[in-house]
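Colleague: Before I plan anything around this model, could you take me closely through a single part of it, one stretch at a time, and say how each term is being used?

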Amino acid sequence: MIMRLFSISRLELRKSKKKYTKSLILVLILLSSVALISAYFSAIEGVKSDNKLYVVAGPYAVNERHFLCYPLPLKKSIALVKAGKADAALGNLFIVTGKSEKSLAATDELRSIIQELFDRELYKRYGSKAFPVFISVEYVKREISYQIELARQGREGGIKGEQKEAQQSKAQIPVIKTPEKPPAPITKPITVISAQEKYVTPRNFSPPNLLGKLIYAFFFILPSYFAAQIFSSSLIEDRLTKRLDVLLSTPASPHTVLMGKFLPYLVLSIASVAAVSIVLGKSIAALIYVIPVILFFSSLQAFFAINSRSYKEMTFFVISTSLFVTAYIFIPAVFSGTIPVSKVSPITLMLSSFEGERVSVKEYLFSTFQFYAMAAVLSLLAAKSMTPEIAHSSRGIAEKAVFALSSLMGKEWHVFLVAIAAIPFVFMVEFMLLSVLFVLPPYYSVAVFIGIVAIVEETFKASIVLAAVKRNLLPYMSAIACGAGFFTGEKLILVLNIATQYNNLLLAQFFVFPLIIHISTTLLFAFLRHRPSFAISVASLVHFLYNMAVVMVLA
Amino acid sequence: MHRVLAIALKDLRSVLKERTFLMAVALQLFVAMFASVLTFGLLVLYNPTYADIRETANVGLVGDAPVLESVLKAVKYDSIQKAMEDFKAGKIEAIVWLPKENLSSTNFVRIYLPKEEITSIKASVFLKNRFIEYEKRMRELRGIPGDSGLKIYSTSFKKEDVPEGASIPFKLIYVALIPLLMLTTAATVAGMYIDLITEEVESKTSYVLLASPLTPLELITSKMLAAMILSAALTPTWIVLLILNHVEVHNYLLVVVISLVTCAIFISIASIATLAGDREKAQLVFSLAVIAIIPLFFSSPLTPVGLVTRIAAGSPFEMYAVAACIASLSMLYPAALISQKLFRS
């Protein structure tokens with residue numbers, strides 16, 4: 001088995017060796033260095049595409065790249081603002097602003113420029129005396145939200161013992177170090193950096209976020225995206241040129257073929273992450289955060305490479321999924337430190353470990369387990385799709401996925417396991433929707449969110465039931481197994497208590513009898529299964545109405 | 001010409017049939033939604049009043065600091081241990097610690113905030129404003145002007161309240177989101193162009209096509225035409241999407257033109273990349289080239305990105321740069337000529 005795996009990897013390497021001629025490699029190296037130089041150049045130069053975005057008029061000149069200045073007397077300047085030809089007029093210690101969003105933005109920027117000039121002038125005249133206050137912040141973990149969650153569960157007859165434990169931990173007071181005196185000499189008026197803490201003036205104080213550090217994360221992830229892209233391209237090429245069929249006719253199993261083909265690219269990704277961590281001077285431990293993402297991303301690409309009908313379809317899938325996955329792992333990192341769910345992404349953990357924070361095993365499992373699980377499920381499905389009847393059929397991806405699923409289920413109880421395995425995907429999709437929907441006013445967003453959750457969950461369950469029926473399993477038994485599996489999967493997350501905060505947002509604690517609704521909607525679907533889209537709509541509607549009713553009653 | 005159009009239409013039909021067009025639109029929707037999430041999130045981080053979070057917080061103060069006490073209106077604690085006890089129990093949301101206030105030299109204040117809690121944003125904004133006030137008071141006690149005294153008025157000389165951070169969402173939309181939508185469209189369309197060409201080559205249908213009176217140049221032109229028609233359909237989609245999101249897009253015809261030019265530039269690059277051979281290699285060369293070019297687009301106001309930012313925001317822009325941009329549409333021709341080589345061998 002291992003020998004076969006390696007020999008397939010060797011074949012893959014030989015194929016790329018033949019493919020990538022010396023001149024092409026030269027072009028690739030050249031392009032990569034141009035890309036590096038251009039990235040370096042822009043990092044030094046900064047964004048300049050927004051030069052002269054605002055127009056300011058008035059007797060005072062503003063020397064800042066965002067502003068285009070019209071040197072005019074004040075009266076004329078204000079007339080220009082009124083006419084919408086200028087965004088703001090600058091007078092002696094006052095700004096006249098227009099009504100548009102752009103005017104307000106211009107005024108806001110003008111104000112901060114003036115504030116900075118004022119600070120500089122104060123420092124010039126009075127020295128450090130003009131900066132009487134410096135503040136530094138330490139963030140301390142406390143268990144408050146955890147207790148609220150437990151109290152709610154307690155109302156539903158939940159675990160009382162843990163509640164006591166939480167109260168006990170509350171009583172313990174940690175030893176607090178007295179802050180060491182920061183060094184007295186002030187070199188710059190804005191910030192003072194001592195050995196451990198950063199002291200800032202009140203105006204420069206803002207909540208924590210890792211936005212600035214995100215660029216590091218990009219360097220870690222980007223090379224792996226390329227490796228995944230080459231991997232999936234090679235796979236789709238092998239499939240379309242029927243080379244894959246030849247490989248499958250050997251004693252090697254589809255799994256071995258898939259893994260064997262993936263191995264060289266995995267090694268390439270790991271090498272790139274290691275190289276990046278050496279270049280950036282970061283710990284090689286970054287690997288444990290990046291690998292689950294690489295595995296997930298590559299298996300997703302492999303699944304699409306085997307199931308998409310054409311190159312065009314594949315390209316769209318690659319672009320959409322790269323954006324989707326990037327958003328899923330990067331956006332939470334922006335909010336790390338302030339929003340607890342930010343730890344859903346391994347990138348958040350990687351960046352905070354770079355910052356010197358300790359990452360607990362529980363946190364690591366919480367953020368990476370879903371990626372490992374989804375990678376396993378997707379590569380299983382990809383391997384199952386590697387039969388000529390699925391790979392070469394002209395059906396759509398969704399239909400092929402159902403086909404691949406059906407080959408996984410030989411008995412009714414398998415349906416139960418498949419339903420549990422679907423939970424990480426549901427979790428991911430719902431998390432993304434939740435983060436998008438929280439922009440809406442809360443009044444709508446709850447209803448919209450519950451509606452979409454109902455559709456997503458019913459669609460997943462329906463696909464599983466459809467696949468089971470395709471395999472000639474008993475429809476109603478499968479439906480019950482599927483609903484029960486879904487329920488078990490959801491509760492597993494709760495019991496493991498790894499996603500307390502997420503469940504809070506998902507209103508999970510409100511749904512006292514989700515088992516009943518999960519099973520009854522799948523049964524409903526099974527009953528109407530001959531018209532699948534109609535059946536999904538009905539099941540979603542029932543699910544939605546039930547959840548809405550529960551929320552209305554409890555909230 | 002007739003043949004070129006026929007092939008372009010055939011390709012567009014297959015794009016529609018595979019619903020890839022719908023997916024491309026969904027992709028734009030996705031980019032737009034996430035950009036708005038990011039905008040909103042950053043706004044909340046920097047200015048929670050946007051999210052209707054009231055700026056009040058229960059703060060505990062430790063230390064001998066009479067001026068700070070009068071500014072903060074905080075609960076007074078004798079020791080940091082006692083304050084920490086109440087903080088951990090959730091009675092207060094922040095601790096401010098200044099052991100001894102010093103009226104004549106620098107005061108270093110230590111603040112404790114809850115980690116990984118949304119209340120921490122609220123409390124920090126409250127504290128920020130209070131500390132700015134404290135800084136002002138302390139300056140005035142030392143005979144130093146407290147703040148710049150800058151006033152903001154509307155055009156009818158009424159006092160205007162401009163929220164701090166108002167420029168953040170504005171810049172995110174015009175400097176990041178709109179260029180990003182333009183570039184995503186261009187990259188998608190150019191990626192599709194590579195697929196259209198390499199599919200014909202790898203499935204050997206190009207031999208059949210070229211055995212007809214069709215020349216290689218005509219074949220390439222037809223694929224370019226299909227890709228350009230697709231861009232012309234996708235660009236208005238994201239503009240409409242923005243308008244539906246209440247984003248003001250000025251001069252939208254010119255925005256469409258700049259976006260089409262960007263698509264043409266990317267398609268030209270893609271066309272030269274097809275010379276790499278098969279799809280895998282061509283896409284790789286193209287992706288690398290795009291990664292190299294995108295940072296440059298943001299490094300000057302005269303690039304398509306710089307132009308689209310200012311045109312869409314309704315700011316003045318350089319006509320000559322727009323003209324140069326439109327002239328670069330002609331890049332497609334030499335690119336087509338060069339990539340003909342693919343069919344020669």
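Modeller: Strand 3 (residues 88-91) and strand 4 (residues 94-97) of chain A run antiparallel and are joined by four bridges, where strands (E, at least two residues) and helices (H or I, at least four) are DSSP runs numbered from the N terminus. Within this pairing, Leu90(A) of chain A has Ile95(A), in strand 4 of chain A, as its bridge partner. The model is a predicted one, in which local features need pLDDT of at least 70 and side-chain atom pairs count only at pLDDT 80 or more, whereas totals for chains, interfaces and linings use all residues. Residues are numbered from 1 along each chain as its sequence is written, chains are lettered from A and ligands numbered from 1 in the order in which they are written, and side-chain values use heavy atoms, with hydrogens and water left out.

These two strands belong to an open sheet of five strands, ordered 2(A)-1(A)-3(A)-4(A)-5(B), with mixed pairing; two strands pair if DSSP finds at least two bridges between them. At the edges, each pairing on one side only, are strand 2 (67-71) of chain A and strand 5 (151-154) of chain B. Direction ignored, neighbouring strands of the sheet are turned by 25° against each other on average.

Helix 3 (residues 74-83) of chain A packs on this sheet, touching strand 1 (54-58), strand 2, strand 3 and strand 4 of chain A, contact meaning heavy atoms within 4.5 Å. The direction of helix 3 makes about 160° with that of strand 3 of chain A, on a scale from 0 to 180 degrees between N-to-C directions, with axes fitted to C-alpha atoms and, for helices, over the stretch in contact. Helix 4 (residues 101-126) of chain A lies across strands 1, 2, 3 and 4 of chain A together with strand 5 of chain B, and runs at about 170° to strand 4 of chain A.

Helix 11 (residues 304-313) of chain B is mostly covered, with 10 of its 10 residues buried, that is, under 20% relative accessible area, as against over 50% for exposed and in between for partly exposed (1.4 Å probe, protein chains only). Among these buried residues are Leu307(B), Arg310(B) and Ile311(B). Just after helix 11 of chain B, Gly314(B) takes a positive phi of about 80°.
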